[in-house]
Amino acid sequence: MEIRGPIAHYFQILLLISGYLHVFPTLVSSIGINYGQIADNLPSPEHVVPLVKSIGATKVKLYDADSRVLRAFADTGVEFIVGLGNEYLAKMQDLDKAKSWVKSNVQAYLPATKITSITVGNEVLTFNDSTLTNNLLPAMQSLHSALVTLGLDKQVTVTTAHSLAILETSYPPSAGAVRKDLIPYVTEILDFHLKTGSPFLVNAYPFFAYKASPKQISLDFVLFQSKIGVVDPATNLHYDNMLFAQIDAVYSALASLGYKKLPVHISETGWPSRGDEDEAGATPENARKYNGNLIKVICQKKGTPMRPNGGDLNIYVFALFNENLKPGPASERNYGLFNPDGAPAYSLGITGTNTSSVGVPSTSISKSPQSAPPAPTSSSTGYLSITSGVGRSHSNFYTSLIACLALIVKLLFLHRIHPVGNPIENIGWMR
């Protein structure tokens, strides 16, 4: 049967998704995606569910606690990190208000939606805002107390994400050190993590380092392709990529403060597929190499040179979609693995141990990018999380496959109701 007209486009998108289905069951044990929504052209959360499942994602990180998203993902088994914006820190110091927020934005969706963590603020310590800085820990403590009061502290943790700029020194990795002016604040937060069992989160972007000094920094080193790498003269440890050097610099910085075993998670990392003229390296090819190579490294259960077992290394890659309303340079609107129509922004080109390289045709954005609003004071963007471990179970693969087949059946049904040539309504992201 030859398929023509609008329905053909939908099958093309499903075929693109199937490319990821073919790749990820072999390579990835647990993908977590950061789901930012600063855009006016994204699909509804209900239509995002099959897309997330199609890449085998089991973790989603939000920057808020969007009720539409949390309801849409009920009974899917996907784990969620919900976020609380910097503007709420002062308010959350009040235990009654913190308890009310947890009841409305966390407890109300449990256990159907698996909310496992709350991130309080984002990159607060590097805003150089004394009020925000002083409000951060009290807000974290208040929210944790609210969780304890509601009996949820064993299943939901409280943390906050930091910019890598909290470090005064990051090279060589063994010399990693926290900025002297931030040591008192960071130490108190580390104490909180130790007592509550929550991880320390850092946003790390080798792209920023390369963009700032493209003539001094090796592109191969930041894209996980260096054959030479660098050696830390103090430890003699060899680094073949910048991200792992950055992570070990964080480990060193925390160890110097007396916290040698605290888990560190990378809450944001990624590479834009497009940027302004002065944003060196922001291309689809480099984005493909960075994210594709990162996924392969993590799926090989490779830890960093300082912590080679990789057991507690979680990396959240930015982001699920390109977000057309994000402020700042063009790169900020082009970190997504997917375009808003669900087609991959570029091929990851991953080659598995027993598979050939699988790519998906890139789909360019049809609408012209909007003029950028003023640049934000934070470098933060949004995320995909990949954790180490063995390959995905076949059951997850078949679940994802069934989801895609269900979409096909739905489209065929709708196609019978709305023949080619007539508009097809209420298909959300597939339109």
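Visitor: What does Trp-101 touch, leaving out residues up to four places away in sequence?
Guide: In this predicted model, Trp-101 touches Ala-65, Val-82, Gly-83, Leu-84, Met-92, Val-106, Ile-118 and Leu-143. A contact requires heavy atoms within 4.5 Å.

Visitor: Which residues have the most contacts inside the largest nonpolar core?
Guide: They are Phe-73, Trp-101, Val-120, Phe-200 and Ile-315, in a core of 101 residues. Helix 9, residues 242–256, gives the largest share of this core, with 10 residues.

Visitor: Why is Ala-245 called buried?
Guide: Ala-245 lies in helix 9. Its relative accessible area is 9%, and buried means under 20%; therefore Ala-245 counts as buried. Beyond four places in sequence, Ala-245 is in contact with Pro-173 and Tyr-239.

Visitor: How far apart are Ala-245 and Asp-232 in space?
Guide: The C-alpha to C-alpha distance is 9.2 Å, and the two residues are 13 apart in sequence.

Visitor: Why does Arg-179 count as buried?
Guide: Arg-179 has 19% relative accessibility. The cut-off is under 20%, so Arg-179 counts as buried. Arg-179 is found in the loop between strand 7 (177–178) and helix 6 (183–196).

Visitor: Why is strand 4 described as largely enclosed?
Guide: Strand 4 covers residues 114–122, and seven of its nine residues are buried, so the rest of the structure largely encloses this strand.

Visitor: How do you know that strand 3 and strand 4 pair?
Guide: Pairing needs at least two bridges. Six bridges join strand 3 (residues 79–84) to strand 4, and the two run parallel, so they count as paired. Within this pair, Phe-80 stands opposite Ile-115 in strand 4.

Visitor: Why is strand 11 called largely enclosed?
Guide: Six of the six residues of strand 11, residues 264–269, are buried, so the description applies.

Visitor: Which strands are joined to strand 11 by bridges?
Guide: Strand 8 (residues 200–203) is joined to strand 11 by four bridges and runs parallel to strand 11. Strand 12 (residues 314–317) is joined to strand 11 by three bridges, also in parallel. Since pairing takes at least two bridges, strand 11 pairs with strand 8 and with strand 12. Val-202 stands opposite Ile-266 in strand 11, while Thr-269 stands opposite Val-317 in strand 12.

Visitor: Which peptide bonds are cis here?
Guide: Among them are the bond from Leu-110 to Pro-111, with omega near -5°, and the bond from Phe-318 to Ala-319, with omega near 15°. Pro-111 lies in the loop between helix 4 (95–105) and strand 4. Ala-319 lies in the loop between strand 12 and strand 13 (384–387).

Visitor: How does the span of helix 10 compare with the expected value?
Guide: Helix 10, residues 284–299, reaches 22 Å from its first C-alpha to its last, close to the 22 Å expected for its 16 residues at 1.5 Å a residue. Its buried residues include Asn-286, Tyr-290 and Cys-299. Just after helix 10, Lys-301 takes a positive phi of about 60°.

Visitor: Where does pLDDT stay under 50?
Guide: One such stretch is residues 1–29, for which the model has 79 contacts beyond four places in sequence. Over residues 413–431 the pLDDT is also below 50, with 30 contacts beyond near neighbours in sequence. The chain averages a pLDDT of 80, and 73% of the residues score at least 70.

Conventions:
Residues numbered from 1 in each chain as written. Predicted model: local features only at pLDDT ≥ 70, side-chain atom pairs only at ≥ 80, totals over all residues. Heavy atoms only, no water. Buried < 20%, exposed > 50% of the residue type's maximum accessible area, 1.4 Å probe, protein only. Expected span 1.5 Å × (residues − 1). Core = buried A, V, L, I, M, F, W, Y, C linked by side-chain atoms within 4.5 Å. pLDDT = per-residue confidence, 0-100.
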